[in-house]
Amino acid sequence: MAFLEYAAAPESPSILNLKAQYGLFIDGEFVDGHGDVFDTISPATEEVIASIAQATAGDVDTAVKAARRAYETVWSRMSGSDRGKYLFRIARLVQERARELAVAESLDNGKPIRETRDVDVPLVAAWFFYSAGWADKLEHAGLGPNPRALGVAAQVIPWNFPLLMLAWTIAPALAAGNTVVIKPAETTSLTAMLFAEILQQADLPKGVVNIVTGPGPTGQALVTHEDVNKVAFTGSTNVGRMIARQVAGTQKRLTLELGGKAANIVFDDAPMDQAIEGIVNGIFFNQGHVCCAGSRLLVQENVHDEVIDRLKARLSTLRMGDPLDKNTDIGAINSAAQLERIRTLSDTGENEGAERWTADCRIPDKGFWFAPTIFTKVSAAHSIAREEIFGPVLSVLTFRTPAEAITKANNTPYGLSAGIWTEKGSRMLALVDQLKAGVVWANTFNRFDPASPFGGYKESGYGREGGRHGLTAYLEASGWDAPAALSAASTAPADGKRAARKPKQTRKAVAK
Amino acid sequence: MTITQPVGLAPTDRAERLLGGDLTETALRLHLEGLSGVDAVGLEQRAAGLSTRSIKTTSKAWALDTIIRTCDLTTLEGADTPGKVRSLVAKAITPDATDLTTPSVAAVCVYGDMVPYAVEALGARHGDPEKGLVSVAAVATAFPSGRASLAIKLADTREAVAAGADEIDMVIDRGAFLSGQYGVVFDQIVAVKEACARPDGSRAHLKVILETGELQTYDNVKRASWLAILAGADFIKTSTGKVSPAATLPVTLLMLEVIRDWHRITGEKVGMKPAGGIRSSKDAVRYLVTVAETVGEEWLTPHLWRFGASSLVNDVLLQRQKMRTGHYSGPDYVTVD
């Protein structure tokens with residue numbers, strides 16, 4: 001037998017206690033939606049997991065009203081330390097139910113259990129723990145004394161990290177004293193529903209978090225609802241633009257976390273074996289469904305051939321298949337539509353003259369799969385070097401000097417993240433200053449931490465998530481210095497009017 | 001760098017192929033210091049990633065047998081006696097008397113003066129582990145510190161080979177390495193390898209111990225691995241077991257990456273032996289996964305891969321019994337040595 005064909009080691013979906021049908025989560029209860037129901041399927045098998053309710057504009061209105069009521073009567077009147085207690089409780093429940101959440105996420109999203117177990121779910125808990133700590137320390141958030149919550153936050157999140165993106169948006173919003181109506185992506189609502197059960201377990205006051213499921217129009221009804229104070233959207237640049245137009249001219253505050261086409265820059269003095277790992281992690285983590293993925297590999301021309309040889313050898317050891325198997329490295333593409341987009345863009349790359357190499361993976365009969373692919377001989381003009389593919393496809397370009405690397409890295413409408421691989425510290429620091437990217441990783445890639453702000457330049461959006469900067473996206477300065485005795489009492493605005501908006505933070509974050 | 005008269009080194013085939021003829025210490029230094037650096041965080045992260053592989057059922061059964069088949073059962077104590085060595089040999093031949101399907105270990109590893117007792121106790125079972133027999137490995141060259149003159153190290157080696165050792169586990173001169181005298185380390189390895197020759201023209205296999213716990217940095221481990229391979233090592237080995245930390249997964253991964261790169265350049269296969277500190281089956285399986293996913297599973301044979309361990313085998317036997325009977329027994333159901 002071949003040892004490398006490790007015997008199957010699957011996590012069992014039987015640890016899940018799923019319902020056949022999920023409604024909406026409004027005002028602390030599961031309720032039926034008034035729209036049609038739709039099925040959520042497992043992208044690895046195309047089997048139906050459960051049916052999900054579709055929220056109509058009326059349902060969204062009910063949810064926003066519940067959130068407003070909870071904000072006015074409970075959440076904004078509660079002390080920060082009490083809000084923190086609820087968030088700590090949620091964090092601990094996420095840890096307790098970690099295995100279940102990981103299995104559900106892999107089942108519904110198609111990403112390997114190795115990632116949901118070791119990355120997604122631990123980060124979800126970390127985000128709640130981190131935000132919980134902030135809840136009673138808001139006067140240190142940099143907005144002066146007694147910063148105020150905004151009110152009701154409308155959040156629309158993507159399918160690539162369903163539960164993690166939920167945590168990224170909900171946790172700081174609640175810590176800051178806002179209430180929330182959130183819409184998960186149409187194809188990945190399942191873990192949001194399990195999260196609603198956790199909120200019930202945590203005894204979170206009703207209406208503080210409301211979850212409405214459904215496709216695009218549900219999200220549109222939510223962001224255009226007149227009684228929301230804050231809109232947070234994570235997703236594609238096209239939809240982000242549409243939302244920016246719809247929100248323009250209203251009093252709503254907006255943060256957008258959109259697409260990316262990150263450059264991962266490898267110099268000839270890079271720690272080579274670790275750089276190869278970093279390239280793999282940069283683009284093949286989560287099947288490349290990562291907005292900050294290192295999808296453009298910029299490699300110094302004198303080491304190009306060596307890097308590509310090593311990369312191909314490494315990719316040949318990646319294991320694609322059942323997302324629930326603990327040894328799977330590459331799972332399924334989330335949906336048929338996304339698979340089609342990846343195929344189309346890859347075919348375009350080939351037609352435009354780039355050289356295609358695909359790892360030799362056995363493609364399962366059912367489900368949506370795309371084997372890890374590298375394009376070499378890519379030039380900056382090729383569409384695979386410019387458009388976000390959002391799949392396991394790497395475009396390789398070369399550079400000769402640091403100056404050329406910077407120019408090429410910045411030559412994109414996006415600016416979410418970048419990576420640098422070099423053993424030379426001075427070069428690292430010099431490059432970080434010149435890269436137009438919200439996050440720059442040095443000798444690592446795709447590392448996330450709740451204390452580190454995350455967000456983009458240019459078409460990658462505006463505003464920051466995570467850290468103190470992410471928190472301030474859900475706060476505004478009160479403009480007055482309350483007596484100490486009052487400062488702990490309430491974050492509620494006295495008359496509902498908003499103070500002048502603070503300038504957004506655009507500081508660059510450098511992760512380890 | 002000042003230009004001094006180039007110091008010639010003992011030529012080896014490997015070094016000549018890579019660095020050209022008329023080998024000098026300068027050429028060796030330029031090569032070793034020009035190797036790409038190692039990012040410690042990234043290396044340890046990769047090792048941690050490999051540790052998450054889940055090895056079950058048939059794969060686990062194969063892995064457990066492979067651990068036994070590639071184990072150098074070791075006793076390296078001042079208190080070693082002929083009796084202790086004889087009982088170690090008995091354990092090496094029949095690791096589990098309750099299950100005779102258990103394979104023999106690859107070798108017993110003893111001090112040089114214990115080699116005659118090991119050879120005598122093995123009798124007809126002495127031989128190539130690929131053929132199900134058991135080799136005798138001897139530590140030599142003033143093990144574990146290596147602090148002795150070259151003449152003593154060579155005498156130590158020759159004596160062990162003459163007594164019937166099939167494999168010599170030598171230590172490098174870490175002092176020379178850390179003070180930058182790469183040529184000294186290189187020439188010593190070459191000389192010890194020559195001392196491994198037998199009158200009939202055959203040669204004991206040479207394992208070169210880097211003692212990574214004393215080299216401290218991953219960059220040093222990488223340079224020392226290259227140096228040992230260029231000087232002609234058949235195996236590179238992490239540790240003596242007398243210095244902490246002994247073998248770790250990141251260090252083993254790094255050394256395997258050098259072995260893989262050497263194979264990529266020359267097509268030649270060098271062996272690897274982590275030693276010391278590997279006590280549980282679970283840990284050992286992680287090493288097998290690292291080998292399979294770094295250099296390829298064809299390395300998982302006694303000629304290219306060894307565990308240096310004293311207590312590992314018993315834990316593997318308990319796991320093996322569990323797979324056979326469905327329940328765990330306890331330490332009293334395997335022999336102590």
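A crossing of two helices is called left-handed if the near helix is turned anticlockwise from the far one by less than a right angle, and right-handed if clockwise. Keep that in mind for this predicted model, where one such pair spans the two chains.

**Where the chains meet**

Take helix 9 (residues 272-284) of chain A and helix 3 (residues 40-50) of chain B: their axes are 9 Å apart and the packing angle is about 60°. That angle makes helix 9 of chain A oblique to helix 3 of chain B. The crossing of these two helices is left-handed. Chain A brings Gln274(A), Glu277(A) and Gly278(A) to the contact, while Gly42(B), Leu43(B) and Arg46(B) come from helix 3 of chain B. By class, the residues in this contact split into 1 nonpolar, 3 polar and 2 charged.

Stepping back to the whole contact between chains, 23 residues of chain B are in contact with 23 residues of chain A. On the chain B side, helix 3, helix 4 (57-69) and helix 13 (281-294) each supply at least two residues. Helix 4 of chain B gives the most to that side, with 5 residues. The side of chain B that touches chain A has 8 nonpolar, 8 polar and 7 charged residues.

**Helix pairs inside each chain**

Helix 4 and helix 13 of chain B also pack on each other, with their axes 10 Å apart and an angle of about 90°. So helix 4 of chain B ends up roughly perpendicular to helix 13 of chain B. Ala63(B), Leu64(B), Thr66(B) and Ile67(B) of helix 4 make the contact with Ser281(B), Ala284(B), Val285(B) and Leu288(B) of helix 13. This contact has 6 nonpolar, 2 polar and no charged residues.

Over in chain A, helix 2 (residues 80-96) and helix 6 (residues 190-201) cross at roughly 125°, and their axes come within 10 Å. That puts helix 2 of chain A oblique to helix 6 of chain A, and the crossing is right-handed. Here Ile90(A), Leu93(A) and Val94(A) of helix 2 meet Ile198(A), Leu199(A) and Gln201(A) of helix 6. The classes come to 5 nonpolar, 1 polar and no charged.

| Helix 4 of chain B with helix 13 of chain B | 6 residues | 2 residues | no residues |

**The cores**

The largest nonpolar core has 107 residues, and those with the most contacts inside it are Val108(B), Ala118(B), Val208(B) and Ala228(B). Helix 12 (residues 249-266) of chain B gives the most to this core, with 9 residues. A second, separate core has 95 residues, among them Ala55(A), Val124(A), Trp168(A) and Leu194(A).

Which residues does Val208(B) touch, leaving aside its neighbours within four places in sequence? The list is Met170(B), Ile172(B), Ile189(B), Ala228(B), Ala233(B), Phe235(B), Ile236(B) and Lys237(B).

**An exposed glycine**

Gly34(B) sits in the loop between helix 2 (25-33) and helix 3 of chain B. Is Gly34(B) buried or exposed? Gly34(B) has 8 other C-beta atoms within 10 Å, and a residue counts as exposed at 12 or fewer, so Gly34(B) is exposed. Its C-alpha atom is separated by 46 Å from that of Leu318(B), 284 residues apart along the chain.

Conventions
Residues are numbered from 1 along each chain as its sequence is written. Chains are lettered from A and ligands numbered from 1 in the order in which they are written. This is a predicted model: local features need pLDDT of at least 70, side-chain atom pairs count only at pLDDT 80 or more; totals for chains, interfaces and linings use all residues. A nonpolar core is a set of buried Ala, Val, Leu, Ile, Met, Phe, Trp, Tyr and Cys residues joined through C-beta atoms within 7 Å. A residue is buried if 20 or more other C-beta atoms lie within 10 Å of its own, exposed if 12 or fewer, and partly exposed in between; C-beta atoms are placed from the backbone. Helices (H or I, at least four residues) and strands (E, at least two) are DSSP runs, numbered from the N terminus. Two residues are in contact if their C-beta atoms, placed from the backbone, lie within 7 Å. Axes are lines fitted to C-alpha atoms, for helices over the stretch in contact, and angles run from 0 to 180 degrees between N-to-C directions. Angles under 35 degrees count as roughly parallel, over 145 as roughly antiparallel, 65 to 115 as roughly perpendicular and the rest as oblique. Ala, Val, Leu, Ile, Met, Phe, Trp, Tyr, Cys and Pro count as nonpolar, Asp, Glu, Lys and Arg as charged, and the others, Gly among them, as polar.
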